Amino acid sequence: MRPLVTIVMPFYNDPYVGQAVQSALSQSYSPIEVIVVDDGSWQYVDRLAPFMPYIHYLGKANGGTASALNHGIRSASGEYIAWLSSDDIFYPDKINNQVLFMQERNAWISHTNFNYIDQYSQVTHYRAGVSFERMVDFYRCFLNANPVNGCTVMMRKQLFAHIGLFDESLPYTHDLEFWARAIQAGFPMHYLNEPLVAYRRHEGMGTIRHREAILHEYARTQASVRTAIAPIVAAME
């Protein structure tokens, strides 16, 4: 029997949410469950109405992406967890290909390549993810950047029992901190070099609206990540 996969989607006032949900429900893989976590939205909630019979809808007070992810993960029934932002799109074989990839490698966490799309869902950059020939080069990248797109990541739910959930005190860099914690705990991040996600860049996205706050938080998180990852890189070289 194939494992159940839970797709967790944080949602906050996002006009693209219907496209994201449709992409989750249109996966070639089954079984899946789709959990949409409404993080205190007052706009575009009506766009979820056609999907309500097919999703699990969880409402909560606004607390940020990390809190919404954690709320969804706690309610997830799947053996594997995937994260889909409400303005991005999963291609139809995303879950299928990544589950097979992880099973073949006995992986606990993995990520994939992706394409950039614009506000009209047109691809602006194919295979935008950074690829590395050696794992040490991938880890070295963490010393100065975040090479992992969160919406390409799939994890075993058991991983959270080992290293905890996302850090809710980090509104913008909870993903980077979590990847570093997984690596430090000895869980390699396997890479599937297939563009299985469409990552949308648009004027309303948080990375543009909150740029200054993100840069400030990133500097602090990156310093902590560098301290954690540098000894691992040194040991591999």
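Here are some questions and answers about this predicted model. Residues are numbered from 1 along each chain as its sequence is written, and side-chain values use heavy atoms, leaving out hydrogens and water. Since the model is predicted, local features need pLDDT of at least 70 and side-chain atom pairs count only at pLDDT 80 or more, while totals for chains, interfaces and linings use all residues.

Q: How many helices and strands does the protein chain have?
A: Helices (H or I, at least four residues) and strands (E, at least two) are DSSP runs, numbered from the N terminus. On that basis, the secondary structure of the protein chain comes to eight helices and nine strands.

Q: What is the radius of gyration of the protein chain?
A: The radius is taken over C-alpha atoms, and the globule rule is 2.2 Å times the number of residues to the power 0.38. The C-alpha trace spans about 55 × 45 × 35 Å along its principal axes. For 237 residues, a compact globule would come out near 18 Å, and the chain agrees with that at 17 Å.

Q: What share of the contacts with a separation of 6 or more comes from residues 24 or more positions apart?
A: Contact means heavy atoms within 4.5 Å. Among contacts in the protein chain with a separation of 6 or more, the share from residues 24 or more positions apart is 77%.

Q: Is strand β1 largely enclosed or largely open?
A: Let's check it residue by residue, with buried meaning under 20% relative accessible area, exposed over 50% and partly exposed in between (1.4 Å probe, protein chains only). On one side V5, I7, M9 and F11 are buried, and on the other so are T6, V8 and P10. That makes seven of the seven residues of β1 (residues 5-11) buried, so the rest of the structure leaves this strand largely enclosed.

Q: Which residue of β2 stands opposite I7?
A: Two strands pair if DSSP finds at least two bridges between them. β1 and β2 (residues 32-38) have seven, in the parallel sense. In that pairing, the β2 residue opposite I7 is V34.

Q: Which residue of β4 is the bridge partner of V5?
A: β1 also pairs with strand β4 (residues 80-83), in the parallel sense and over four bridges. There, the partner of V5 is Y80.

Q: Which strands do the buried residues of α1 pack against?
A: The buried set in α1 is V17, G18, A20, V21, S23 and A24. An α-helix has 3.6 residues a turn, so residues three or four places apart point the same way. The buried residues of this helix pack against β1, β2 and β5 (89-90).

Q: Which side chain does the side chain of S86 make a polar contact with?
A: S86 sits in the loop between β4 and β5, and its 6% relative accessibility makes it buried. A polar contact is a pair of N or O atoms within 3.5 Å; within protein, one must be able to donate a hydrogen and the other to accept it, and residues adjacent in sequence count only if both atoms are side-chain atoms. The S86 side chain reaches the backbone oxygen of P10 at 3.5 Å. At 2.8 Å, the side-chain partner is D14.

Q: Which backbone nitrogen does the side chain of T6 reach?
A: T6 lies in β1 and is buried at 0% relative accessible area. Leaving aside neighbours within four places in sequence, T6 is in contact with residues including E33, I35, A76 and S77. Its side chain gets to within 2.9 Å of the backbone nitrogen of G78.

Q: What is the phi of N13?
A: N13 is in the loop between β1 and α1, and counts as buried with a relative accessible area of 14%. Although N13 is not a glycine, its phi is positive, at about 50°.
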